[in-house]
Structure formats: C-alpha cells, structure tokens
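Please keep the sequence and the coordinates in view while reading.

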Protein chains: 2
Amino acid sequence: MMIQRTGGGRAGRKFSARGGISQRPWTRLRNPYSPIEVLSAEEVERIHRASVEILEDIGIAFLLPEALDILRRAGADVDAGSQMVRFDRALVEESVSRAPSQYTLHTRNPEHDLTFGGNHINFATVASAPNVSDLERGRRPGNFADYLNLVKLAQCLNVVHFCGGYPVEPVDLPPETRHLDALHAFATLTDKAFHAYSLGRTRILDGIEMARIARGISEQQLLKQPSLFTIVNSSSPLRIDGPMLEGVIEMARHNQIVVITPFTLAGAMAPATIAGALALQNAEALAGIVFAQIVSPGAPCMYGGFTSNVDMKTGAPAFGTPEYTQAALASGQLARRYGLPYRSSNANAANVVDAQAAYESEMSLWGAVMGHANMVMHGAGWMEGGLCASFEKMVLDAELLQMMAEVLKRIDVNDETLGLDAIREVGPGGHFFGAQHTLARYETVFYPPLVSDWSNFENWQQSGARTATERAHTLYKAILADYEEPVLDPARREELDAFVSRRKAEGGAIET
Amino acid sequence: MMIQRTGGGRAGRKFSARGGISQRPWTRLRNPYSPIEVLSAEEVERIHRASVEILEDIGIAFLLPEALDILRRAGADVDAGSQMVRFDRALVEESVSRAPSQYTLHTRNPEHDLTFGGNHINFATVASAPNVSDLERGRRPGNFADYLNLVKLAQCLNVVHFCGGYPVEPVDLPPETRHLDALHAFATLTDKAFHAYSLGRTRILDGIEMARIARGISEQQLLKQPSLFTIVNSSSPLRIDGPMLEGVIEMARHNQIVVITPFTLAGAMAPATIAGALALQNAEALAGIVFAQIVSPGAPCMYGGFTSNVDMKTGAPAFGTPEYTQAALASGQLARRYGLPYRSSNANAANVVDAQAAYESEMSLWGAVMGHANMVMHGAGWMEGGLCASFEKMVLDAELLQMMAEVLKRIDVNDETLGLDAIREVGPGGHFFGAQHTLARYETVFYPPLVSDWSNFENWQQSGARTATERAHTLYKAILADYEEPVLDPARREELDAFVSRRKAEGGAIET
C-alpha cells in the first residue's frame with residue numbers, strides 16, 4: 001500500500017480537484033438516522049403551551065406600524081401604543097399550518113439548488129462577523145478584500161453548500177451601497193445560493209432583484225422559485241424590529257425564504273434556564289412565522305434555533321456549551337412539532353483556532369446534525385461567538401463538515417463489503433494490505449482528510465511540527481490560488497453591473 | 001450579574017474543590033437518550049451471521065495449549081497443529097447467553113463503585129501509552145514519575161471514573177516487577193477502580209490479589225464482587241495470544257471483569273471496509289467471550305469495539321475518523337444484540353494538543369456516548385493513536401467529558417424553569433440579568449468550564465492570549481499541587497507493601 005504522497009492531490013481517488021485541494025465532491029446531504037430527542041413528547045407540548053401562553057397573554061412587540069396594521073386586519077390583538085401584539089392560539093395554529101414543510105432554494109447553477117425540510121441538511125459559511133483573521137496578518141476589522149476572498153473560499157469548498165450572509169462585514173464600503181457590492185460579489189464570484197439582509201425594504205428588494213437577475217429568470221418565475229433567503233433575528237426578548245419586519249414583508253410577498261431566528265441567550269435576553277429560553281425562542285419564532293404567513297400564506301419559512309447561554313459570572317455569551325447542544329437538539333423537536341424546516345449553527349466562543357474552537361464547534365455541529373437541522377448557519381469560519389471570521393477556521397470547519405457528511409453515509413453491508421473471502425485468504429495473524437479485497441477499493445474506501453495529519457510523531461516533527469491550524473493556513477492559500485470564477489452568462493453579468501451602477505447612482509439604501 | 005472572577009475558584013457554586021480546581025462533583029452517569037443506530041436490524045443480523053460463519057468455518061487461533069484443552073472439552077472443534085478453533089453456532093449462542101448483561105466493578109471506596117451495562121457510562125484514563133508529554137518538558141519515554149502524576153490526576157478529576165490501565169508505561173522500572181509497583185500506585189494513590197494487564201498468569205494473579213488486599217475483603221468475597229478488570233486485545237486477525245488467554249482464564253475463574261477488544265484496524269488487521277472489520281471484530285469478541293464463559297459460566301465480560309481504519313496511502317492508523325464514529329455506533333448495536341456491556345474509546349491520532357486532537361476526540365466521544373458505551377477507555381489523555389499520554393490532553397478531555405456528562409442531564413421542564421413570570425416581568429427589550437428568576441439560580445444553572453475561555457478577544461489578549469492547551473497546562477499543575485492521597489486503612493496498606501516486597505523478593509513475573 002504505502003503509496004507515495006503526491007504534491008498536488010490524491011491521484012486515483014474520486015475527488016473534485018476544484019479549489020486546488022483534494023476534497024469530497026459536491027453532495028446534497030441527508031441525515032438517514034433518527035434525530036436525538038432530548039425532550040419527551042410531553043415536554044415538547046409543555047414548551048409549546050408555554051409559548052402559546054406568551055403569545056396570547058404577554059404578546060410580542062412588532063416595531064413597524066405597517067406590520068401592526070397587517071396583524072390587526074388578520075385578527076390579532078394589537079395595542080398601537082405599546083406596539084404589543086397578542087395572538088390567540090387558533091390564529092397561531094392556522095397560520096403556522098400554512099407554512100410549507102419543504103421547499104427548494106434555487107440558484108443560478110441548478111446543481112447547487114438546495115432542499116430545506118425532511119432530513120436534508122445544508123451547510124453555510126460564517127456570516128456577519130465584524131472582524132476577520134488569519135495567521136499571517138492577525139485580526140483586523142472586516143473589509144471588502146477579505147470579504148471577496150472568503151466568498152471565493154465558499155465557492156471552492158464543496159462541502160459548503162451556500163453563503164450564509166456576508167462572511168465578514170465590509171466596513172470599508174459605504175453603508176448605503178455596501179449591500180449592492182456585497183450582493184454583486186455573491187452573484188458573480190459564486191454560483192451557490194446566498195442571503196440578503198433584512199435591513200429595510202430597499203436593501204431586501206435590491207437583493208431579491210439581484211438574485212432574479214443572476215438566475216436570468218422573470219419576476220413571475222421568481223415568485224414560483226425561491227432564489228434568496230434572509231435571516232430575521234428577533235430582538236429578544238419579545239420584540240421584532242421594523243427593518244427586519246420590512247424584510248419579512250417583501251420576502252414573503254415575493255415567495256422567498258424567511259428564517260426566523262430568535263436571539264435567546266439564556267441569562268441575558270432569555271430566562272436563565274434552557275426550558276425558559278426555548279419557550280421564549282418558540283414564541284418569537286412562531287410570531288415571526290405567523291406574521292409571514294399572514295402576509296403571504298404558504299411563503300417558505302424556517303424555524304431558527306440559536307438558544308445558548310451566557311457565562312453567568314461575566315455575562316459573556318457562550319456557544320457550543322452543553323446547554324447549546326441540548327437546545328439545538330430540542331429546537332429540532334420543536335420545529336418538527338410544527339412541520340417546519342429547522343435552522344441551527346456551528347458556533348463557538350474561542351478567540352483562537354485551538355482545541356476549544358474545535359470542541360465547541362463539534363458540540364454545536366452534533367447538536368445541529370442530530371437535531372436534524374436543515375440549514376446549518378455559520379458552518380465554516382465562525383469564531384469568537386460571531387465576532388470574527390477566520391480563514392483557517394473556514395478550512396478546518398470544512399474538515400469537520402466533511403467528516404459529518406461521511407458519518408451520514410450509511411455503512412455498506414453486503415457480501416462484498418463483509419469480505420469473508422478476504423478474511424479466509426489472509427488467515428490468522430496475516431495482513432490485509434495486500435489482499436485483493438483491499439486492492440480493489442483502497443483508493444476510495446475511507447475518508448481522506450483535508451487538514452488532519454495522521455503521520456507518526458517523528459515524521460510530523462520532521463515535516464515542520466505544524467498544528468492543524470497552521471496546515472489550514474497553507475490550505476486556504478492554495479485554495480484561493482486556484483480559484484476560478486464560475487461561468488456567468490454575459491448578458492446577466494451586464495444586467496447585474498448595470499443594476500448596481502443605477503442603484504448606486506440613485507444613492508443606494510438612502511432610507512437609512 | 002458581572003461577578004468578579006476569583007483567583008481560587010468559583011465561590012458559591014456547587015463544585016467539588018478537590019484537586020484545587022472548580023469542577024463538577026463525582027457522578028455516576030447514565031445516558032437517558034436513545035442510542036444512534038447506524039445499522040438496520042437486518043444489517044446487525046447480517047454482520048452477526050458473517051461472524052458466526054467466521055467462527056464456524058474459518059476459526060480463531062488460540063495460542064495456548066491449556067486454552068485448546070478447555071475448548072476441546074467444551075465441544076469446540078480444535079486443530080492442535082494450527083491451534084485453530086472452530087465453534088458451532090449453538091455453542092456460541094449458549095455460551096454468550098450466560099454472560100451477565102450488567103454488573104458492578106467494586107473498588108476500595110464504595111462511592112467509586114461502577115456499574116457496567118444498561119445505559120450506565122463510565123470514563124477511564126488513557127492507558128498503555130509508551131510516551132508521555134507536557135508543554136514544559138516535551139515528549140519523553142514513559143517513566144514512573146510521570147506515571148504517578150497521571151494517576152494522581154486521575155484521582156483528582158471527578159469526571160474520570162477509573163484508571164483504564166497504566167496511563168503511561170513506566171519503562172524505567174524492571175519488567176519483572178513493574179506490574180507490582182504500578183498496581184501498588186493504583187491501590188494507594190487512588191480509590192478509584194483500576195485495571196491489570198493480562199500479560200501472563202503471574203501478573204494477573206498478582207493484580208487480583210492486590211485488588212483484594214486494597215479492598216480488605218476475603219477471597220470468598222472477591223469471587224462475588226468483581227474488583228478488577230482486564231482488557232484483552234485479540235491479536236487480529238483471528239488470533240488470541242497465550243499470555244492474554246492466561247489472563248482470561250484467571251480473571252474469569254475469579255469472577256473478575258474481562259473486556260475482549262479486537263484490534264481490527266480496517267485495511268491492516270481487518271478488511272478495508274467497516275462492514276468487514278465489524279464482522280471480524282464481532283467474531284473475535286464473541287470467541288473471547290465464549291472462551292471466558294466456558295472457563296467460568298456467568299463471569300462478567302464486556303464487548304470491546306475498537307474498529308478504526310488506516311490511512312490507505314501510508315498504512316498509518318487513524319482514529320476519530322468518520323468510519324471510527326460509525327463503527328463505535330454500530331458496535332454498540334452489536335453488543336446490545338448479545339445483551340453485553342459495551343466498551344469504546346476516546347481516540348485521536350494528533351501529534352499535538354491542537355484542533356485536530358479536539359475534533360477527533362469529539363468524533364470518538366460522540367460515537368461512544370451515543371453508541372451507549374458503558375466503558376469509555378482512554379477517556380482522558382490519549383494522543384497519537386495511543387503512542388503518547390499528554391498531561392494537557394488529560395485536563396482538556398476532562399472538559400470534553402464533563403460537557404458530555406452535562407448533555408446527558410435531561411433538560412428540566414417545569415413551571416419554574418419555563419419562567420413565564422420572568423418573561424412577563426422583563427418584558428419586550430428587557431434584560432434577564434437582574435430578574436429574580438435569574439438571581440435565584442445563576443450560581444449553578446449552567447455548566448462552568450474547566451478550560452474554555454469565554455472572555456472577549458481584548459480581555460483574552462490582555463490576559464496572555466493563551467490557547468486552551470496552555471490553559472490546560474496551568475490547570476494540570478494546579479491540580480497536582482493540591483493532590484491529597486485518599487485515606488487507606490493502615491493494615492491494608494501494610495499488607496499491600498508486604499505483598500509487593502515478597503513478590504519482588506521472589507523475582508516478580510519471572511515466567512517472562
């Protein structure tokens with residue numbers, strides 16, 4: 001066996017060489033195993049009932065007069081002064097039942113279309129980090145040059161299914177037109193699905209239009225085919241902001257995907273218990289989804305779970321904690337209770353890409369994957385509880401995600417794989433390296449790592465004694481060096497360019 | 001909230017302060033969730049049938065004439081020349097059915113007695129590493145001074161339930177008497193359960209006697225109360241060595257716990273498929289357990305799963321791979337098929353305590369925990385595929401194990417924890433830091449980490465920008481500085497000392 005390592009990849013294996021590294025090919029993933037259920041059926045109902053009580057008795061503040069009008073007309077109990085909206089349970093149940101349990105997010109490359117719902121699972125990049133870092137240049141404020149490189153990495157890494165949002169906030173671009181440049185990069189540098197922020201009506205309408213242009217479809221077709229998604233964070237506790245609600249309204253009217261994710265940090269914006277934080281999360285998520293369904297019955301919505309806890313000594317948010325894992329698993333049960341697709345995250349609170357970053361990410365990922373999340377936000381690159389995007393972490397996470405994807409492939413059990421003939425042939429004390437059974441499959445049978453180094457200590461030391469993070473650094477540069485822009489129809493490209501120019505000339509999102 | 005950090009611990013929380021750090025108290029763990037099943041019931045049967053075919057048609061080499069005699073008398077088909085033993089399925093099924101599905105491992109502190117079987121889960125230290133390392137002194141060959149410190153750490157870390165074997169091989173002690181010094185350290189420096197190696201009859205009998213003396217019980221009582229365990233690795237493929245078989249014979253005759261763990265590395269000592277490696281693992285594990293049950297019907301046995309894969313390019317063993325995780329989950333299904341307690345491991349192949357060490361360990365641990373392993377060997381401290389024990393990794397793993405233990409505590413869902421009154425009190429946009437609901441529980445409600453640093457980047461940088469591994473280094477030293485030897489009845493201590501002196505004077509394990 002002892003095959004020579006080659007410099008440029010693992011010859012003979014079934015890899016995509018895209019991105020200059022050997023990696024698993026693009027695959028649509030499904031989780032064939034039963035989810036881990038941390039709540040009993042009765043406990044799920046108890047949390048449901050608590051959240052219905054919140055919606056009926058306490059209410060949720062909708063910080064947009066237009067939204068209050070819509071809700072009043074639909075029969076909700078609206079207090080115009082406090083902006084509090086109370087929903088009776090019939091309205092909640094009827095509205096939520098209209099939300100589809102599964103749908104497709106289309107993109108300009110149909111190979112990269114994604115299904116949300118059932119046991120489908122899709123991994124996103126890090127999103128919305130204000131800072132960015134790599135080993136060479138350290139930590140720095142978000143900027144457009146790093147933004148572009150992170151988007152290129154997302155395009156190259158096959159296990160990353162879509163762009164979860166701006167991987168880093170390009171704060172060197174003017175706020176009014178930033179979304180135009182950022183979305184233009186999504187639409188041109190990748191052919192994977194992407195996200196637009198619900199920061200007011202103008203920006204989200206620009207996002208919808210750019211997604212349409214990139215796909216080269218009509219407005220009619222866009223209404224039938226979700227081609228953009230937005231994450232709407234409620235401003236916990238018990239509040240949804242105006243710009244977010246404008247996003248919900250326009251996205252729902254255009255039949256685009258709205259993910260409602262309450263930001264319920266137990267001990268800060270939510271009760272200091274996982275049960276209480278889940279009850280609040282559930283109430284806020286349902287409120288957002290009910291609103292979207294009232295705006296546009298049948299619009300694609302998703303149940304977002306982001307419950308974690310704070311460090312009760314310092315108030316610092318923590319992620320990938322045991323409570324986080326439990327909440328991720330429980331949130332999946334709640335989402336399934338309503339037949340809604342479910343969004344979770346790959347989160348951690350580490351300040352450096354070290355063992356903590358890895359174990360907290362693993363705790364998050366196992367919660368997401370075995371909670372049957374359909375959308376795993378921040379799948380690759382997230383650090384510091386979301387305050388930094390890391391180039392090395394993005395590659396390291398690609399390894400974590402690829403490993404998860406392999407675990408989700410069922411073990412192949414048949415006469416061939418059981419290999420009794422090989423066992424007979426090799427006999428007691430023998431070795432399988434040279435067996436025909438081995439030779440027939442050695443090139444593709446086991447998962448080949450991106451980052452992991454399995455050489456022995458002496459060889460590892462001789463080749464530079466590099467940590468996984470140092471190896472990820474080398475890999476991300478190799479990937480970027482090989483980046484190729486995906487082909488985009490020149491007419492669409494021109495239309496996108498013209499749209500951005502026109503909207504910039506108009507001042508961009510001048511409403512803000 | 002914003003409570004000041006104190007230097008010496010987290011005042012007011014319910015921790016054990018043992019070992020100079022704030023950690024979770026000693027707890028007997030159970031996994032209340034359903035195991036993850038990666039095999040269908042039919043696939044489990046198919047692997048079972050394949051392994052029965054191996055046992056019936058190919059056979060297993062038992063490299064000890066005494067064992068061949070025992071097996072021949074029990075009706076197995078023994079070929080004295082090749083030492084191959086074939087078992088018909090009736091003998092296999094009848095023998096395995098005699099093995100108990102649950103039992104207790106007693107130790108000299110009844111608080112530390114352990115249950116194996118059902119949904120009980122117990123974490124062990126690293127075992128059998130030839131090298132040892134820490135950040136200060138680097139990697140060095142195993143030695144008795146480091147051995148003692150690792151055993152002391154095992155005693156101090158509450159989440160470590162028992163000593164899985166020599167945490168590092170004390171190669172500076174003479175081989176004939178090494179086991180006497182090593183077992184004496186187990187019996188005196190800890191009051192947790194420990195392991196003796198099946199390296200021939202003399203050593204295992206010494207181990208059984210020392211476990212008896214440490215507990216201060218009669219030989220009769222020892223026969224009723226398992227007080228020692230041994231791991232027997234088959235010499236895969238298809239072979240069990242003589243010294244190991246002597247260990248099985250004596251341990252089973254004394255009603256002590258025998259864990260049969262085939263070393264089935266797919267692609268090397270087992271077929272290059274997970275299904276084939278599992279079939280071979282199952283055949284070898286059953287062969288060892290059948291043998292133990294023939295020696296002593298009803299003796300406590302355990303099904304060990306250690307299937308992983310090698311890097312097919314280099315032949316290097318890999319651990320914590322996706323295949324490893326799948327095999328750990330599948331092995332639990334096989335063990336449950338026979339009603340046998342199940343042993344798995346926390347394994348990784350990293351050469352340094354970095355992100356790889358953490359993510360491979362997490363992949364192993366999730367396989368073990370959700371495979372319903374009852375014994376997790378190498379739970380704390382294992383590196384380099386078993387070639388090195390790391391002081392920092394032991395503390396880092398204690399964090400991983402504590403986090404797992406927290407995930408296994410069910411979410412408390414009741415009116416109090418749902419906290420509707422607090423949600424009402426805080427209202428939209430408010431903060432739960434000051435709520436009565438929070439103040440009543442903030443000290444104990446969330447998991448407090450050992451190693452994780454949740455401070456923000458600026459604070460983390462100002463306090464030295466230390467990685468998790470560097471923090472684990474400081475912690476292990478603090479723990480050792482506070483180590484206190486557990487009280488041992490002076491008469492037992494004297495008897496242990498006298499036993500070791502006498503056996504050393506006799507030359508120790510002179511048979512080897």
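**Two chains and their arrangement**

The copies meet through the same surface, because 100% of the interface residues of chain B are also interface residues in chain A. The model discussed here is predicted. Two copies of a chain are related by a rotation about an axis and a shift along it.

The size of an interface is often given as the accessible area lost when the parts come together. Between chain B and chain A this buried area is about 10300 Å², and carbon and sulfur atoms give 69% of it. The residues of chain B that lose the most area to chain A are Lys313(B), Phe446(B) and Trp454(B), which together make up 9% of what that side buries.

Helix H17 of chain A shows how one element can be followed across the chain boundary. This helix comprises the 14 residues 468–481. At 1.5 Å a residue H17 should span 20 Å, and its end C-alpha atoms are 20 Å apart, so the two values agree. The buried residues of H17(A) are Ala468(A), Thr469(A), Arg471(A), Ala472(A), His473(A), Leu475(A), Tyr476(A), Ile479(A) and Leu480(A). An α-helix has 3.6 residues a turn, so residues three or four places apart point the same way. Against which elements do the buried residues of H17(A) pack? In chain A these are strand S8 (131–134), helix H4 (144–156), helix H12 (391–407) and helix H16 (457–462), and from chain B helix H11 (355–370) joins them.

**The sheets**

Chain B contains an open sheet of seven strands with mixed pairing, in the order S1-S7-S18-S17-S14-S12-S10. Its edge strands, each of which pairs on one side only, are strand S1 (29–30) and strand S10 (229–234) of chain B. Within this sheet, strand S12 (residues 257–262) and strand S14 (residues 301–304) of chain B run parallel and are joined by three bridges. Val259(B) stands opposite Met302(B) of S14(B).

Helix H8 (residues 242–253) of chain B lies across S10 and S12 of chain B and runs at about 145 degrees to S10(B). Helix H10 (residues 322–337) of chain B lies across S14 and strand S17 (342–345) of chain B, at about 170 degrees to S17(B).

In chain A, an open sheet of four strands has the order S3-S4-S2-S11, again with mixed pairing. Strand S3 (77–79) and S11 of chain A form its edges, each pairing on one side only. Strand S2 (residues 60–62) and strand S4 (residues 84–86) of chain A are antiparallel and share two bridges. Across this pair, Ile60(A) stands opposite Val85(A) in S4(A).

**Backbone details and a buried glycine**

Most residues other than glycine have a negative phi, and most peptide bonds are trans. Several places in the model depart from this pattern. The peptide bond between Ser236(A) and Pro237(A) is cis, with omega about 0 degrees, and Pro237(A) belongs to the loop between strand S10 (229–234) and strand S11 (239–240) of chain A. In chain B, the bond from Ser236(B) to Pro237(B) is cis, with omega near 0 degrees.

Positive phi values occur as well. Asn255(A) has a phi near 60 degrees and is placed in the loop between helix H8 (242–253) and strand S12 (257–262) of chain A. His378(B), which is not a glycine, has a positive phi of about 60 degrees; its place is in strand S18 (residues 375–380) of chain B. Is His378(B) buried or exposed? Its relative accessibility is 8%, so His378(B) counts as buried.

Gly386(A), in the loop between strand S19 (382–383) and strand S20 (388–390) of chain A, also counts as buried because its relative accessibility is 9%. Leaving aside residues up to four places away in sequence, Gly386(A) touches Ser128(A), Ala129(A) and Pro130(A).

Technical notes
Residues are numbered from 1 along each chain as its sequence is written. Chains are lettered from A and ligands numbered from 1 in the order in which they are written. This is a predicted model: local features need pLDDT of at least 70, side-chain atom pairs count only at pLDDT 80 or more; totals for chains, interfaces and linings use all residues. Side-chain values use heavy atoms; hydrogens and water are left out. Contact means heavy atoms within 4.5 Å. The expected span of a helix is 1.5 Å times one less than its number of residues. Buried means under 20% relative accessible area, exposed over 50%, partly exposed in between (1.4 Å probe, protein chains only). Two strands pair if DSSP finds at least two bridges between them. Axes are lines fitted to C-alpha atoms, for helices over the stretch in contact, and angles run from 0 to 180 degrees between N-to-C directions. Buried area is the accessible area (1.4 Å probe) that two parts lose on being put together, summed over both.
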